[in-house]
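This report looks at strand pairing, helix packing and aromatic contacts in one protein model. The structure comes first, then the details.

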Amino acid sequence: EREKTDQDRQLERERANLFRANLLARDFFHSCLTKTNYGKTAREYLAARGMDDKIIAEYKIGYAPSSWDKLSTAMLERGFDQEVLIKAGLVAARQSGGGIYDRFRDRIMFPINDLRGRVVGFGGRVLDGSQPKYLNTQETPLFNKRHVLYGFDLAYNAIRQSGKAIVVEGYMDLIAVQTSGIKNAVASLGTAFTPDQAKQLARHAGEIYFAYDSDAAGQNATLRALTTVRSLGLKVRVLTLPDGKDPDEFIRKHGAEAFHTLTEEAPALLDYQIRRALEAADYSSLEGKVAVVGKVVPALAEADNAVEVNAHIAKLSQVLAIDESALRAEIRK
């Protein structure tokens, strides 16, 4: 072991202060939600979304008051320097006149933990319909949303034991899935599932299920995510949620057992891609057949299981009424 330099010790102190600031901010937001009138509207909203006091306590959900300085005043009174609060992403410096203001205001707050359960950042959801709908902590020495998976600290053991991970998009989806009894679920922060997040899961799971929203944006996000995961050699399956629902809505409407059934019946990546291509075009016309082949051939060319590819070529030949040899020629290209 090498001896720590003064710079190493300084960095350790800085990170410790940031962790301490985030922890205190989490408790502040949680108290505002559960113990003050500030959080009344937020409590009503969460109750309407099926989140009771037990869930709020387990995930330490909070509320950031609409005031510009409630959090910063409380933190400064507890002896934190402005610079620490700015570095933690909790406040921002005023452009003129000096001073700081709270970065999160009038938002339901979801603390984001690292694998050791330490608070590294926050996601805040608006209540008034303004944009952005979700605001994450900016990049800090502790937090980079490309590397972090929400709920991973709670899902870690279940993922390791099962060798499977379910990936959803957002905070509410993740909480709905985990509290329904499906513990091996995590959330990417927004729709972008990154190579860094994929590598984290690949260390503990050999199979990943994607359960993104079934709207167009969610489906496109799924396809982007799949290309990210494929390169790591992981098995990929895709849950298709009916009724245009996200996992949270689906579970509230149909129950946890129905979601579990969808997981068990989830098609493999190649099946999903071919199904999507067939659904997107009218393949009774020549133009439609060409469109389907254009979407399907790259997926078949990238697949590494020859038996699976041959089976799909035979099936597509029948569905599209074209020769197998024509499909094989396109794949060779």
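Buried here means under 20% relative accessible area. The model is predicted. By that cut-off, phenylalanine 210 and tyrosine 212 are both buried.

**Strands.** S9 (residues 207–210) and S10 pair in the parallel sense, over 4 bridges. Glutamate 207 stands opposite lysine 235 in S10. Side chains alternate along S10 (residues 235–238).

**Helices.** The axes of H7 (residues 171–179) and H10 (residues 247–254) come within 7 Å. They cross at roughly 40 degrees. H7 brings Met172, Asp173, Ala176 and Val177 to the contact, and H10 brings Pro247, Asp248 and Ile251. These residues divide into 5 nonpolar, no polar and 2 charged.

**Aromatic pairs.** The whole structure holds 11 aromatic pairs. The table gives two of them.

| Pair | Centre to centre | Angle between planes | Class |
|---|---|---|---|
| Tyrosine 150 and tyrosine 171 | 4.8 Å | 70 degrees | edge-to-face |
| Phenylalanine 210 and tyrosine 212 | 5.8 Å | 90 degrees | edge-to-face |

Tyrosine 150 lies in the loop between strand S6 (134–136) and helix H6 (152–162), while tyrosine 171 is in helix H7. The pair links distant parts of the chain, 21 residues apart. Tyrosine 150 is buried at a relative accessible area of 3%, and tyrosine 171 is buried at 4%.

**Cluster and charges.** Phe28, Phe29, Phe104 and Phe122 form one aromatic cluster. The charged end of arginine 103 sits over the ring of phenylalanine 104, 5.7 Å from its centre. Arginine 105 has its charged end over the ring of tryptophan 68, 3.8 Å from the ring centre.

Terms used: Residues numbered from 1 in each chain as written. Predicted model: local features only at pLDDT ≥ 70, side-chain atom pairs only at ≥ 80, totals over all residues. Heavy atoms only, no water. Buried < 20%, exposed > 50% of the residue type's maximum accessible area, 1.4 Å probe, protein only. Helix = DSSP H or I, 4+ residues; strand = E, 2+ residues; numbered from the N terminus. Pairing = 2+ DSSP bridges. Axes fitted to C-alpha atoms, helices over the stretch in contact; angles between N-to-C directions. Contact = heavy atoms within 4.5 Å. Nonpolar A, V, L, I, M, F, W, Y, C, P; charged D, E, K, R; others polar. Phe/Tyr/Trp six-rings, centres within 6.5 Å; stacked < 30°, edge-to-face > 60°. Lys NZ or Arg CZ within 6 Å of the ring centre and 35° of its normal.
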